[in-house]
There are 2 protein chains.
Amino acid sequence: MNAEMLKEIYTKARQWVEEAGHYIRTNIDNPLTVDTKSNPNDLVTTMDQDTESFFVSKIKETYPDHSIIGEEGYGDKLTTLEGTVWIIDPIDGTMNFVHQKRNFAISVGVYHNGIGVIGLIYDVMADVLYHAKRNEGAYKNDKKLNPLNKEVVLEEAIVGMNHFWLCPNRLVEEETMQQFVRKVRGTRTYGSAALEFAFLSEGIIDGYLTMSLSPWDIAAGVVIAGEVGGTATNIDGQPLNMLEKNSVLVCNSNLQKDIIKFIKKGRK
Amino acid sequence: MNAEMLKEIYTKARQWVEEAGHYIRTNIDNPLTVDTKSNPNDLVTTMDQDTESFFVSKIKETYPDHSIIGEEGYGDKLTTLEGTVWIIDPIDGTMNFVHQKRNFAISVGVYHNGIGVIGLIYDVMADVLYHAKRNEGAYKNDKKLNPLNKEVVLEEAIVGMNHFWLCPNRLVEEETMQQFVRKVRGTRTYGSAALEFAFLSEGIIDGYLTMSLSPWDIAAGVVIAGEVGGTATNIDGQPLNMLEKNSVLVCNSNLQKDIIKFIKKGRK
């Protein structure tokens with residue numbers, strides 16, 4: 001993809017993200033229809049569906065040869081990342097959206113032949129857009145984000161993770177994760193994967209660890225984090241597959257080896 | 001304390017909180033001197049100390065007969081809550097202050113003969129003030145907060161808690177807390193007790209559970225939460241002692257019995 005095309009797609013994507021965000025913000029206090037998906041805590045609202053539908057119709061109209069992977073299923077069923085693929089979570093952090101009416105994000109990643117070229121994470125209620133084009137740096141609104149701190153050590157790191165890591169689980173012995181929690185300086189749980197990628201990218205957390213995320217949760221974040229010296233892999237350090245669910249470790253690159261080594265001790 | 005006096009003290013307290021907050025916000029990007037206190041992750045900065053010092057001098061000058069309990073030790077050593085006592089955390093969430101430059105708060109509670117009469121929690125970087133006078137309702141900036149949702153059930157509750165609850169600890173078997181994490185809809189960790197009290201008060205979390213907090217972490221929050229139907233006790237449901245450390249459960253009153261019963265199963 002040439003620079004001109006990249007810029008054009010970025011401009012459109014940004015415009016649609018801001019338009020969708022404005023709509024959500026304006027309607028945040030309207031009554032919501034909330035359903036559940038895979039389990040009682042996996043929430044979906046008509047706002048998730050309508051927002052994805054908005055993106056799909058805009059993309060199909062403007063770029064009929066592009067493909068779409070979306071959380072709510074209005075996109076395509078893909079078996080390859082060839083060509084240009086939009087990977088969209090219309091509302092990442094739906095539980096926060098429903099219960100808090102803030103702390104959720106629109107997440108849009110654009111991949112070209114498997115490589116992430118555009119990432120947009122819009123913290124809708126705070127009106128803060130994290131955005132990046134491949135090899136052109138990452139931004140928070142108009143401010144270019146600094147490269148992540150090279151001096152960071154695990155003992156002074158703040159790590160985003162949920163509490164299920166410390167319950168019996170299929171990936172890592174909980175005793176190892178208990179040691180991990182004691183090793184790092186602090187842990188946080190914000191309830192939106194996209195925002196945790198964004199927070200990692202601005203250096204307010206140093207890592208984010210999660211057991212199973214879908215491509216739409218991470219596609220934009222991977223691009224943004226990559227521009228500031230963040231690395232995203234699965235918890236064994238293997239590349240992420242944008243057509244499947246993955247365990248995810250995204251962190252300051254300087255911490256990656258240490259975190260993977262730590263987790264490996266208890267890896268099932 | 002009569003209504004006029006209450007109003008006067010509230011007005012002064014609010015003015016000083018806003019003044020201190022403005023100072024912190026203006027100087028947030030200046031270099032910091034960070035020290036540690038009880039352990040390597042218990043941080044303190046000169047900003048914590050200077051801010052407490054500011055409050056202490058203002059209070060002593062204006063109300064020489066009032067007493068002060070402050071985190072950084074510039075206040076008085078009290079053995080009783082008789083009279084009017086200011087309970088102050090100049091920067092609650094110092095780790096967030098240092099690492100994130102946001103998500104911290106100034107917390108000021110005023111107690112009269114042991115009863116909380118004023119609570120102010122100022123989310124400095126967001127410029128959001130949570131405030132309450134006893135029996136006059138609680139506010140977020142100029143907006144009166146609604147009473148907490150009476151329909152809430154544990155299965156749909158979001159609970160603030162840190163990850164140490166799921167590590168071996170002196171209070172509750174971690175297996176019980178693992179079951180608790182699975183029982184509720186979601187868990188969050190924000191890293192500032194005062195802000196978690198504030199979030200509880202605006203209903204964006206339904207409970208907050210913590211192993212050991214000092215009076216300055218909770219004094220303001222207890223007043224604010226109390227005005228909207230929140231109840232704060234220790235984890236056994238006993239009254240909090242504002243002269244000592246306490247375990248703390250603050251929650252929507254409608255959840256209190258259920259949470260205490262749940263925890264009791266694993267109480268050591």
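Biologist: At what angle do helix 5 of chain A and helix 6 of chain A pack?

Modeller: This is a predicted model, in which local features need pLDDT of at least 70, side-chain atom pairs count only at pLDDT 80 or more, and totals for chains, interfaces and linings use all residues. Residues are numbered from 1 along each chain as its sequence is written, chains are lettered from A and ligands numbered from 1 in the order in which they are written, and side-chain values use heavy atoms, with hydrogens and water left out. Helices are DSSP runs of H or I with at least four residues, numbered from the N terminus, and axes are lines fitted to C-alpha atoms over the stretch in contact, with angles from 0 to 180 degrees between N-to-C directions. For helix 5 (residues 193-201) and helix 6 (residues 215-226) of chain A, the axes lie 8 Å apart and the angle is about 5 degrees.

Biologist: Is helix 5 of chain A roughly parallel or roughly antiparallel to helix 6 of chain A?

Modeller: Angles under 35 degrees count as roughly parallel and those over 145 as roughly antiparallel. The packing angle here is about 5 degrees, and therefore helix 5 of chain A is, relative to helix 6 of chain A, roughly parallel.

Biologist: Which residues of helix 6 of chain A meet helix 5 of chain A?

Modeller: Contact means heavy atoms within 4.5 Å. From helix 5 of chain A come A:Ala193, A:Ala194, A:Phe197, A:Leu200 and A:Ser201, and they meet, in helix 6 of chain A, A:Asp217, A:Ile218, A:Gly221, A:Val222, A:Ile224 and A:Ala225.

Biologist: How much area do domain 1 of chain A and domain 2 of chain A bury between them?

Modeller: The bounds, 3-144 for domain 1 and 154-264 for domain 2, come from an automatic or database domain assignment. Buried area is the accessible area (1.4 Å probe) that two parts lose on being put together, summed over both. Carbon and sulfur atoms carry 67% of it here, and the total is about 2,100 Å².

Biologist: Which residue of chain B forms a salt bridge with A:Glu202?

Modeller: A salt bridge is a side-chain nitrogen of Lys or Arg within 4 Å of a carboxyl oxygen of Asp or Glu. Within chain A, A:Glu202 meets A:Lys140 in such a bridge at 3.0 Å, N to O. Between chain B and chain A the count is 2 salt bridges; with closest N and O atoms 2.9 Å apart, the partner of A:Glu202 in chain B is B:Arg102.

Note on methods: Helices (H or I, at least four residues) and strands (E, at least two) are DSSP runs, numbered from the N terminus. Angles under 35 degrees count as roughly parallel, over 145 as roughly antiparallel, 65 to 115 as roughly perpendicular and the rest as oblique.
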